[in-house]
Amino acid sequence: MAFALLALACLPGVESGLRPVGSPEGLEHAPLACNAPLQTDSSNLEDLSQCPQACPFLVPNPKIKCIFHCTNASTCSSWNPEFAHPNPDSRLCEPCHIQGCRICSSPDTCGECFPSFMLSGEACMYEWDVRAEWSLQTAFTILVLGVVVAAIALVGLSLWRWLAESVGFLPPAEPQGEGIQEHSSTADHTFETIKQGLRHRLRCKIKDMVQTGPGLPVKRNISLWVNLQEHFLAGIGLPLFHAWFTFITMYGLAMALGVFWIYQGSDLGSTLHSTGLQRASHTVVDWIKAREGIQASSSCSADSLQLSKSMRQFAERAAAGYAGLWILGSAATLAHAARQQRLARAFERRHPRLADFALSVEGFPPEAIDESAIRDFLREKLHCQSLEVSVCYDFRAHRKRLYELLEKVIVAADVQAGAYSRSLASEHSVGLSDVEREEVRRWLGTEGGAGLRNAGSVFAIFPNRCDPAELGLGSGTSRRFGQRRMTRQGTELLPLAPRLESAGLHWKRPNGETCELRIRDVVSEPPDVAWDQLAVTGKEFAFRVAAGVVIIGACCALVACVVFVPFASYVLRYMGEVGSQPTGTLMSVMGILVMGGNWVMCYVLWQVASHVGFHRTDRLDLVVFKVFSTICSANFLFNVAILVFPQGLHSLLIPLNDVSLQDVSFEQEASTKLLNVLIPGGLFIGYIMWPLQGFLWPMLASLACLRYRSSCRQQVSAREAELSLEPLGISLAHDYMGHVVQPTCCCLMLFFASDAAWQAFLGLALWSAFMILFQRYLHLRACKRYYFTTSRLDTEVMYAWGLPLSTVLAASCFWAARLRGWHMLTVAGAWLAGFAFHTLALRICLRPVDHPKLEAAGELQPSLAEVSSHRLYDWHNCNPAKVLLSHIETGFGLVPYEVGKEYLQLPYLLRNEPRELPSASRAVTFHGDGQAMAPEIEALLLRPYDAVAAAWDRLQSDATVGSPTEVSPRESRPKTLLESRQSRSRSDQKLKTSQASDSKIAR
């Protein structure tokens, strides 16, 4: 950010029209000149000498409160655009309430607009706003006319058909009752598929799965205040993410108190108040109020010497105080990093993971796809007869077809489990046919790159956690197994044990060649493995990275040329003519375009990053976090450059020995504008709008699309409705952006001598406190469950926290440089030194990426079967190619693990095994009976949607009145989702009452 400040200093300046202000002098009867600055220490402007006849009006300077100019009636707005009304009675340029007006005939009436404005009634309209408004009105008119023409065409077509049938030109239509019955059947099918899609949407979230009776287990909301460390909800990433907010809240409060003490301890605040460097309008406004009999107090005592002395005093306190705050912040950061490390280790001890039972064996040739042969080989070499393997297949040649077949497997499992009836599935989407099984068999025998190949690695899965440690990997002079299993770059290879190294770990190919195998530790859970990217080699990965950089750069350049450059040109041109920020129609349109441009860049970033070829999703998250944080920082600096510093940063970089009233005034005004950009816009508005943009609007669009397809006689299957209505997933890589960017933006306030700095940090603390509840609600009520099973992303954020922390040190050096006349490059040097110190302190003192794999006695640790029963996913059902291969033979095959379909992994639903409740670790009820639960985001739309659907059903039932098979509307229409919930609640209540009565009888 220090480099960003230096870059902003190079922006071209715009002349403000201010002239140097002279020292105070007696002005009671001194002759005045036109356009010459007039400085006074009196709040009663009637005591001033009369301006010359050529320029009889007195106008306040827009920057400095105690400076005035003598001007004529036509140039009042040239000096101060907000004072465009020349009052002939008071001979003052008074405020005009019409924006864009050059000369006001009265405070509420415009006589002449600026050149780029047009007079419309009593208001001045910017020409580009007029064009934008005209374009919107034209588009709306065309839309209305199109709807009217379409309606007339439909009515005319119906009349023509009726006349043609009446005279015998066309055969008569089918009987009305049958047509209505067919339409009603289609509507019922669509309604049932939408209900299934909404059920799946709710199941995709982090919920408590419990069995309340016969049928599928239900998922219930968990409390927003659940202890995230006590329960394995989405992995270690979720509790680590939320633990940051407590730290940021305390840090924001500490910084606010420290900056407040630094500012209030100097006499700069009282000097600025007495000098009146807030707004130039206040003096005239106060004098007008006094003239009308309203009490107003305003004083002007512009003493340049006192102001310079106060600025130097503040600079001394800021240079020392900010350095002290940086030291305290560094110590607090190290304490927070140690706490995060302890939390991660305690979480791993409390929640065993499947990664603790697995090793990755790498170096297999492409033709090694016989799983039984690989399993026998590894059992012999690794001395574990109960070892299982999961082969990593290269299925890129059949990727699309493979996932299409897996969808059929999921639909067949849903129908068999009773999630929905077969009628809601597509005709050819329930299970694999014999032809499709034969197609998959051919993939195994295809030579070259057209079939399934080995991606080069195999996961070796041990039955107990102590089995990998007993191999003796890394013993001797090398490190012991698990002492350092993960680095910031990746997961290290494990040195072979002496007994394995002497025997050799080599795979023999059919042609007689041997391949040396290597063993790598595993830190990610199966859902975090990018199974379709495991075959990407190093060269291919480098090429994809280069192509991704080009694509993202081209997208950013295109969005900048189409959206940001026109937006900046519009704002700067408007502010150059009027002196204030635009608020017209075009500003709203440009704001929407800027928001759309940000969405486009985020979408392109996610699509490119997900196809680069990362083998683990935690590595993908690192790239998304870094690039997204860079985009958001550039966005913020763009807004600051055009809204806060349209004239450049020259006044902010002047040494204190040469500072003037104009420079101090610019600093005060810029700090106020920057605070307004941060609060509420940067800290709150975007987050508040996100649930509407990311959840409600996509859901409405999906519902409308499904309804439209139904109206076009297109059958929508339940699986299509499920995929269409799935919510956005938890993305900590995007959410972590605020942990770094928002504090860094607030730290920019430290470069201003203003009381707005401590207010910005107070706003940061309030933002963090607000995010505690806001992010919990999104993660536990709105988002789809995604797993974050390593602490690598949190570690990267810990290193990135050096950005705001080093900015505090740069601010200390900045004030020392202005005080002592140092070169501004020392500020950049201080920032680099602070960031380097932060990085070295983390790497040497704490090493937050080092999490040892626990080595405990086997009888004290759970087995692989126990952990798999708790998680429902394993190394087999997450491997898409292995799941599909299990279905090529007759009999029961694996069901792919998918979030929202966890119930399909329960054996009693698919294999007719004895029914048993889910284990306690995955079915713990975190809420008690009668506890108030925060509603989900879909509840805002559930009742209106059910009301509209019920009204539609009533219309359909009214159309069938008189039919011999008529039934009541209540019986004929399917239950709404709300009624289904109420019915289930009544069934649960009856079950509880029955159980209570049975227990009472037993007693």
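This is a predicted model: local features need pLDDT of at least 70, side-chain atom pairs count only at pLDDT 80 or more; totals for chains, interfaces and linings use all residues.
Asp-414 counts as buried, with a relative accessibility of 0%. Lys-901 counts as buried too, at 1%. The pair belongs to a network of salt bridges that share partners. Its members are Glu-407, Asp-414, Arg-719, Glu-722, Glu-898 and Lys-901.

The count of salt bridges in the model comes to 30. Side chains of opposite charge can pair when their charged atoms come close. One of these bridges links Lys-882 to Glu-371, with the closest N and O atoms 3.1 Å apart. Lys-882 lies in helix H26 (residues 880–885) and Glu-371 in helix H9 (residues 371–382), so the pair ties together parts 511 residues apart in sequence. Lys-882 is buried, with a relative accessible area of 12%. Glu-371 is buried as well, at 17%. Both values fall under the 20% limit for a buried residue.

A polar contact was found at Arg-818. This residue is placed in helix H23, residues 802–820. Its side chain joins that of Glu-667 through a polar contact of 3.5 Å. Arg-818 counts as buried because its relative accessibility is 1%, under the 20% limit.

The structure holds three disulfides. A disulfide is a covalent bond between the sulfur atoms of two cysteines. One joins Cys-76 to Cys-93, with an S to S distance of 1.9 Å. The torsion about this S-S bond is about -50°, so the disulfide is left-handed. Cys-76 lies in helix H2 (residues 76–79) and Cys-93 in strand S5 (residues 92–94), so the pair ties together parts 17 residues apart in sequence. Both cysteines are buried.

Another disulfide joins Cys-96 to Cys-104, at 1.8 Å from S to S. With -70° about the S-S bond, this link is left-handed. Cys-96 is buried, with a relative accessible area of 11%. Cys-104 is buried at 2%. Cys-101 and Cys-110 form a further disulfide, with their sulfur atoms 2.2 Å apart. The torsion about that S-S bond is about 100°, so the disulfide is right-handed. Cys-101 and Cys-110 are both buried.

Two other cysteines were examined for accessibility. Cys-515 counts as buried, at 13% relative accessibility. Cys-561, in contrast, is exposed, with a relative accessible area of 56%.

Strand S18 covers residues 518–521, and its side chains alternate. Ile-519 and Asp-521 point to one face and are buried. Strand S12 (residues 358–362) runs antiparallel to S18, and four bridges join the two. Ser-360 stands opposite Arg-520 in S18.

Ile-152 is placed in helix H3, residues 127–167. This residue counts as exposed because its relative accessibility is 56%, over the 50% limit.

Val-549 is a further exposed residue, at 55% relative accessibility. It lies in helix H14, residues 538–578. The C-alpha atoms of Val-549 and Val-608 are separated by 8.8 Å. Along the chain, Val-549 and Val-608 are 59 residues apart.

How values were computed: Residues are numbered from 1 along each chain as its sequence is written. Side-chain values use heavy atoms; hydrogens and water are left out. Buried means under 20% relative accessible area, exposed over 50%, partly exposed in between (1.4 Å probe, protein chains only). A polar contact is a pair of N or O atoms within 3.5 Å; within protein, one must be able to donate a hydrogen and the other to accept it, and residues adjacent in sequence count only if both atoms are side-chain atoms. A disulfide is a pair of cysteine sulfur atoms within 2.5 Å. Two strands pair if DSSP finds at least two bridges between them. A salt bridge is a side-chain nitrogen of Lys or Arg within 4 Å of a carboxyl oxygen of Asp or Glu.
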